[in-house]
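Here is a report on a single protein chain.

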Amino acid sequence: MSEYVPPKVWTWDKDNGGAFASTNRPIAGATHEAVLPRGTHPLQLHSLATPNGQKVTIMLEELLAAGHDAEYDAYLINIGKGDQFGSGFVAINPNSKIPAMIDYGPTEPIRLFESGSILVYLADKFDAFLSKDVAERAETMNWLFWQMGSAPFVGGGFGHFYAYAPEKLEYPINRYAMETKRQLDVLDRQLAEHEYVSGSAYTIADMAIFPWYGGLVLGRAYNAAEFLDVTSYKNVMRWAKQVDAREPVKRGRCVNAASGPEDEHLAERHSAADVDKVLAVRKARGTV
């Protein structure tokens, strides 16, 4: 294979291959007009059950389980079909990434995008899963933003080259496998001394980190558990199983699911009953 020589000026090659070649592009903005649906609840979520999407649905289900008035409608954004480039979605998130949300509760609706921003907003709105103590809040925020800054190397780096790229290339796979394992070691060392990521309390940091790193060690991402020797991260594994066992986490993972058997999909969520139906199927099959 000949060495790639970058041109002086990069130009867009629409046929660049890869799993997301049909939707990736180097420009922002809407590609088509698409009005987003709106349900009856103040919180309107538009998302997909990827790790980033699961962060928010887990948080919403945790809030409901804790007794907060956090009912919500959730609608599927199929990123494989380019729904994220519809005009209605771009109006909420100009970056065209899931999840995105609107809170119609205040006098003027509030748009929310970036999963970390949504988690902090919900934590503050409902005074839950984020301590008011300055030091404890800072530590939770440290780990929340650790996830936000680190996970792109796992997903866009390791996951892309290991699972989605049109061909397997040794250098990028080795480079990002090394970084992914380094991050798992960072997390493993933290969890050796703490029950949850930022201390003794379950917080939005756990909700943000679990779908990425918990999913990875539980064998739900990229078919790469053996390759990354995830069982060697014993503290991460202990924590992942502990979080995974939470009923709201199981529920949150169901919302906006669009992969696997069709009867395990949940394109829209408008009430607890919608999740109940899918969760019952998953529990019966042991797929939750």
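Tyr-222 counts as buried, at 18% relative accessibility. The cut-off for buried is under 20%, so 18% falls inside the class. The model is predicted. Tyr-222 sits in the loop between H6 and H7. Its phi is near 65 degrees, a positive value in a residue other than glycine.

Asp-127 also has a positive phi, near 50 degrees, and is not a glycine. Asp-127 is found in the loop between helix H3 (115–126) and H4. A cis peptide bond joins Ile-98 and Pro-99, with omega about 0 degrees. Pro-99 belongs to the loop between helix H2 (87–92) and strand S3 (100–103).

## Aromatic pairs

How many aromatic pairs does a search of the whole structure find? The search returns 11. One of them is Phe-158 with Phe-227, a stacked pair. The centres are 6.0 Å apart, with 15 degrees between the planes. Stacked requires planes under 30 degrees apart, so the 15 degrees of this pair qualifies.

Phe-158 lies in helix H4 (residues 134–164), and Phe-227 in the loop between helix H6 (204–217) and helix H7 (234–244). The pair therefore ties together parts that are 69 residues apart in sequence. The two partners have their own burial values. Phe-158 is buried, with a relative accessible area of 0%. Phe-227 counts as partly exposed, at 41% relative accessibility.

Ring pairs also build a cluster from Phe-158, Tyr-162, Tyr-164, Tyr-222 and Phe-227.

## Charges over rings

Two cases place a charged end over an aromatic ring. The charged end of Lys-125 sits over the ring of Phe-126, 5.8 Å from its centre. The charged end of Arg-175 sits over the ring of Tyr-176, 5.6 Å from its centre.

## Salt bridges

The whole structure holds 15 salt bridges, by a search. Among them is Asp-185 with Arg-189, whose closest N and O atoms are 2.8 Å apart. Asp-185 and Arg-189 are four residues apart in helix H5 (residues 170–191), so about one helical turn separates them. Asp-185 counts as partly exposed, at 27% relative accessibility. Arg-189 counts as exposed, at 60%.

Arg-251 forms a salt bridge with Asp-276; here the closest N and O atoms are 2.7 Å apart. Which parts of the chain does this pair tie together? Arg-251 lies in helix H8 (residues 247–254) and Asp-276 in helix H9 (residues 272–285), so the pair ties together parts that are 25 residues apart in sequence. Arg-251 counts as buried, at 13% relative accessibility. Asp-276 is partly exposed, with a relative accessible area of 38%. Both residues belong to a network of salt bridges that links Glu-61, Glu-71, Arg-251, Arg-269 and Asp-276.

Glu-264 forms a salt bridge with Arg-285, with closest N and O atoms 3.0 Å apart. This pair links distant parts of the chain, 21 residues apart. Glu-264 is in the loop between H8 and strand S5 (268–269), and Arg-285 is in helix H9. Glu-264 is buried, with a relative accessible area of 6%. Arg-285 is partly exposed, at 43%.

## A nonpolar surface patch

Which residues make the nonpolar surface patch of about 410 Å²? They are Tyr-4, Trp-10 and Trp-12. Tyr-4 lies in the segment before strand S1 (43–47). Tyr-4 is exposed, with a relative accessible area of 58%.

## Annotated domains

The annotation "domain: GST N-terminal" covers residues 40–130. Over residues 40–130 the chain is 36% helix and 20% strand. The end C-alpha atoms of that span are 27 Å apart.

The UniProt annotation "domain: GST C-terminal", also from an unreviewed entry, covers residues 133–275. Residues 133–275 are 63% helix and 1% strand. The end C-alpha atoms of residues 133–275 lie 34 Å apart.

Conventions: Residues are numbered from 1 along each chain as its sequence is written. This is a predicted model: local features need pLDDT of at least 70, side-chain atom pairs count only at pLDDT 80 or more; totals for chains, interfaces and linings use all residues. Side-chain values use heavy atoms; hydrogens and water are left out. Patches are made of residues with over 30% relative accessible area and no salt bridge: like charges are joined within 9 Å, nonpolar side chains (Val, Leu, Ile, Met, Phe, Trp, Tyr) within 5 Å. Accessible areas come from the Shrake-Rupley method with a 1.4 Å probe; for residues, only the protein chains shown count as cover. A salt bridge is a side-chain nitrogen of Lys or Arg within 4 Å of a carboxyl oxygen of Asp or Glu. Helices (H or I, at least four residues) and strands (E, at least two) are DSSP runs, numbered from the N terminus. Buried means under 20% relative accessible area, exposed over 50%, partly exposed in between (1.4 Å probe, protein chains only). Rings of Phe, Tyr and Trp (its six-membered ring) pair if their centres lie within 6.5 Å; planes under 30 degrees apart count as stacked, over 60 as edge-to-face and the rest as tilted. A charge sits over a ring if NZ of Lys or CZ of Arg is within 6 Å of the ring centre and within 35 degrees of the ring normal. UniProt positions are given in the numbering used here, feature names are shortened, and annotations may be inferred rather than shown by experiment.
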